[in-house]
Amino acid sequence: MVSLIVLVAETDLEELTFCEAISQHRPRNVIPLIDRSSLPTRFETAARAAGYDVTFVSSVDDALRMADFSAQDAQEASPIAIIAGSADVLAGLALFLRVVAPGAILLSETSSSGPGADGLPAGSALLLDDGGPQSHFLLEIAQRFWQEERPTGLVPAADGDTARLGLAKALSLSNINTHAPEVVCIRRSETAANDSAELVKASTAMIMAGHGNPIDLGLGAGRIICGQQPSASRAPARGSFPCIRGKLCLRQISFGRPPTDTSNLIDPEVINSRIIVFLGCGTAPLPGSTFNLESTMVMRSIAGNAIAAIATTGITPLSDELIYIVSAALSAGWPLEKVAREASHWVRAFYKQEASAVPHFVVFGNPLTRIANAVDRQAEAGGNLSAQQGLTRAAGGLERTIRDIVEAWPGWLLDAGGNAPSDSIAETIGLIGLLHRFLSTSGHIDQALEAVLKQAAFQVENLLLSLLLDRGPKRREVTFAAWESFAHPVRNEGASEVPCPCGRQSIVANWFELAVTPHLKRRVLTCPLCGPVSEDDGIIPFSTQFSIGANKFTAKIKIEAPSDRSVLLAVRAFVEHWGLADPSLSPIQNLEIMNGEVLELAMEADLPAGTQKGIRYAGVIAVVNGHPSSVRRPLHCA
């Protein structure tokens, strides 16, 4: 068993003194930590669970007497680059890093000494993200390293104590040694118990599969991982989501629970696993993310029991095959960077994507972290998935039946069970039938019939628009996700030259076709930082410009009709309120755009009095020539 010596300091000055004295001797196993925010105890808990012995000392002499000065092996001796966006962050950690990572190359955007990022020797890299204004520099470096397939890990560093704990784990606990390693998968389940028993039970690695974002992950009505929960190590989050100020949960209504219920909200810090894989859509807080770093699941889990994590940068299929691949790779003892790369390759093949500057799976912590001598012992109970079950179900494929779909309708009008979300669907079917009869029985469309058809078409589009917003009492998100259950990925256009509205990343386009009506295509545009930002049929896209204030949301759109057809459009602006209420909506606009013409339009949606500050999703939702389209992205409501 590897022995680690934790040199505990009582004050910041004493820690600096300890680091200065210890760094001159370059021991392999001494970690200086200040006795604040329970740092020594939190490190000890993770280290012992990973198979390390920990001894606390309070003097330099005791630390040096017990320290390991043996020679490093070739892998350990290879230089590691530790890069921060801010020189101030690096300066505050410099002496600490000279002890825990002697020989490391330290670099920031404003570094005046040492090699630049282009001149770094081969080896792994840790990128310290403090969520500050220099995050764009870190993301540029990360993209370069990912393309070079250099082992790269992001280390959340929203404050000095979090950075020290994350670095101590990353640099000292990269080999996870357990007598009975377990790789457990917790899948979304509507019948799971309303407790965290499975999550606090010790495991070597845990794959959590559900619907989420960097802040929270829904595993069913009984379990919601929430990064904004207060914990023993920190006060309540400052609140990147308005639910913190309003004390109402944004996720509960999606599971049919009161928004004031907090009994099923689980702090990521209590998840008792050394490696956590957050398998959902866009769970990775990349540098420059809209989400507050300190409230993200990744940072909270590494501040707790986890040593490292893997998270996603885009829409992610909760596929049995993908879960099995990640489980098998972890169980085989692969380093996390290889696990993430293999999973990214699988997702790229699934969506028929081209290579991207940002991989689909990203490592947080040391990218060389691995389970030593791992054996896959996945839990079988409670809706969890064993490796054998995953392999069997993946091989068999996923077969779904779609019923009661009108030829002109894609699956986005139906819920995951193929059921209509509203009685008004019957009225829409009747109007579509009327349109079909008009067109099939008339050899020539005169002006009177054209007016009738146009009016009926607007009625259909208005009803469709209402149906898209009327998803039943459990839905308050303006998305069309239901159709994904009935669709097959067709191709990927890769990172385009078109920037996301956030201005920091390029758009990636994924194309799908619907199983029953393959001539109907869907296109989803995704940004690595913002997640899915729009979807449409890919034929008649439109551009948007948004602004949001304390009382009003303004959306400006520009749409161009193709040269060979006119456009009938029903459109309205919206602002979501995180599941706590229906979205704020502008009035519906019905418009006709003639062949080749361009239309520019501004719409406004009033926000209710007392709207809390924070991040909200806002945008426009439209039915364009019978096809749903949306642009939806996170905005700060000041």
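User: How do α11 and α12 lie, roughly parallel or roughly antiparallel to each other?

Analyst: α11 and α12 are roughly antiparallel to each other (angles over 145 degrees count as such). This is a predicted model, where local features need pLDDT of at least 70, side-chain atom pairs need 80 or more, and totals for chains, interfaces and linings use all residues. Side-chain values use heavy atoms, without hydrogens or water, and numbering starts from 1 along each chain as its sequence is written.

User: What angle, and how far apart are the axes?

Analyst: Helix α11 (residues 320-331) packs against helix α12 (residues 336-350) at about 160°, axes 9 Å apart. Helices are DSSP runs of H or I, at least four residues; strands are E, at least two; both are numbered from the N terminus. Axes are fitted to C-alpha atoms, for helices over the stretch in contact, and angles run from 0 to 180 degrees between N-to-C directions.

User: Which residues meet there?

Analyst: From α11, Glu321, Leu322, Ile325, Val326, Ala329 and Leu330. From α12, Leu336, Val339, Glu342, Ala343, Trp346 and Val347. Contact means heavy atoms within 4.5 Å.

User: OK, new topic. What's the strand order in the open sheet of three strands?

Analyst: β23-β24-β28, with antiparallel pairing (pairing takes at least two DSSP bridges). β23 (542-548) and β28 (598-606) are the edges; each has a single partner strand, so one side of each lacks a neighbour in the sheet. The twist averages 15° from one strand to the next.

User: How many bridges do β24 and β28 pair over?

Analyst: Nine, with β24 spanning residues 552-560.

User: And which residue is the bridge partner of Phe553?

Analyst: Ala605, in β28.

Methods: Parallel < 35°, antiparallel > 145°, perpendicular 65-115°, else oblique.
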